[in-house]
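Biologist: I would like to learn how to read a structure like this, one feature at a time. Could we begin with the model itself?

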Amino acid sequence: MESPNVETHRAGHEAFNQRDFVAMTKLYSDSITWTDHAQGRTFRTPQRFRDDFLPGWVEASTDIKITNPCYIDAGQTVVCTFTVVGTHDGPLGPLPATGNEFTLSLCEMWHFDSSGRVVGGDLYYDQVSLLTQLGLMPRPSGA
């Protein structure tokens with residue numbers, strides 16, 4: 001049986017795949033510290049996270065999907081490694097759509113308070129790998 005925190009994290013990913021950002025963040029605390037380390041962006045409220053960060057991924061890839069999640073229960077933190085797959089069919093920030101498919105490995109941590117509410121998160125991924133797959137950055141020599 002999974003811990004309630006793992007269940008919350010898993011349900012959040014399932015809600016993302018269904019584009020239900022309200023359901024994804026329903027157990028988020030009113031004040032959070034959620035950081036996308038690759039972009040250097042931190043969100044302090046569930047509303048900003050829900051209205052700015054999450055739709056940005058879907059705007060860049062309407063078919064983006066979280067796949068192959070592996071959840072690790074660490075008490076007040078749940079670590080998850082997973083892969084997102086999709087097609088770059090919309091703008092990624094200032095970068096225009098390329099139509100290229102991508103597969104990106106991520107590591108994400110959700111942090112919980114003692115009542116099971118999400119109080120923060122950390123997301124790590126390799127931007128160079130993503131930009132290379134999208135054809136927006138040359139492949140490293142010898143690759």
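The dialogue below goes from the whole chain to single residues.

Modeller: This is a predicted model, in which local features need pLDDT of at least 70 and side-chain atom pairs count only at pLDDT 80 or more, while totals for chains, interfaces and linings use all residues. Residues are numbered from 1 along each chain as its sequence is written, and side-chain values use heavy atoms, with hydrogens and water left out.

Biologist: How many helices and strands are there in the chain?

Modeller: Helices (H or I, at least four residues) and strands (E, at least two) are DSSP runs, numbered from the N terminus. Here the chain has 4 helices and 6 strands, and reading along the sequence gives the pattern α-α-β-β-α-β-β-β-β-α.

Biologist: What radius of gyration does the chain have, and what would a compact globule have?

Modeller: The radius of gyration is taken over C-alpha atoms, and the globule rule is 2.2 Å times the number of residues to the power 0.38. For 143 residues a compact globule would have a value near 15 Å, and the chain has 15 Å, which agrees. The C-alpha trace spans about 50 × 30 × 25 Å along its principal axes.

Biologist: What share of the residues of the chain is buried?

Modeller: A residue is buried under 20% relative accessible area, exposed over 50%, and partly exposed in between (1.4 Å probe, protein chains only). By that rule, 43% of the 143 residues count as buried. Accessible areas come from the Shrake-Rupley method with a 1.4 Å probe, and for residues only the protein chains shown count as cover; the chain exposes about 7400 Å², of which carbon and sulfur atoms supply 54%.

Biologist: Which part of the contacts joins residues at least 24 apart?

Modeller: Contact means heavy atoms within 4.5 Å. Among contacts between residues at least 6 apart in sequence, 53% join residues at least 24 apart.

Biologist: How far should a helix such as α1 span?

Modeller: The expected span is 1.5 Å times one less than the number of residues of the helix. The 14 residues of α1 should therefore span 20 Å, and its end C-alpha atoms are 20 Å apart, which agrees. Helix α3 (residues 46-60) has 15 residues that should span 21 Å, and the distance between its end C-alpha atoms, 21 Å, agrees as well.

Biologist: Which residues of α1 are buried, and what do they pack against?

Modeller: The buried residues of α1 are N5, V6, T8, H9, G12, H13, A15 and F16, and they pack against α2, α3, β3, β4 (77-87), β5 (101-112) and β6 (118-125). One of them, N5, has a relative accessible area of 11%, and, not counting residues up to four places away in sequence, N5 touches G75, Q76, V78, F112 and G116. In α3, the buried residues include F49, R50, F53, L54 and W57.

Biologist: What do M24 and T25 touch?

Modeller: M24 is in helix α2 and is buried at 6% relative accessibility; leaving aside neighbours within four places in sequence, M24 is in contact with G12, A15, F16, F49, L54 and W110. T25 is in the loop between α2 and β1 (28-36) and is buried at 2%, and with the neighbours within four places again left aside, T25 is in contact with F49, R50 and L54.

Biologist: Where is I66, and is I66 buried or exposed?

Modeller: I66 is in strand β3 and counts as buried at 9% relative accessibility. Apart from neighbours within four places in sequence, I66 is in contact with H13, F16, N17, F82, T83 and V84. I66 and S105 are 39 residues apart in sequence, and their C-alpha atoms are 9.8 Å apart in space.

Biologist: What is the phi of R19, and what is the phi of N68?

Modeller: Most residues other than glycine have a negative phi. R19, however, has a positive phi of about 65° although it is not a glycine; R19 lies in the loop between α1 (4-17) and α2 (21-24) and is partly exposed at 27% relative accessible area. N68 has a positive phi near 50° and is likewise a residue other than glycine, but N68 is in strand β3 (residues 65-74) and counts as exposed at 62% relative accessibility.
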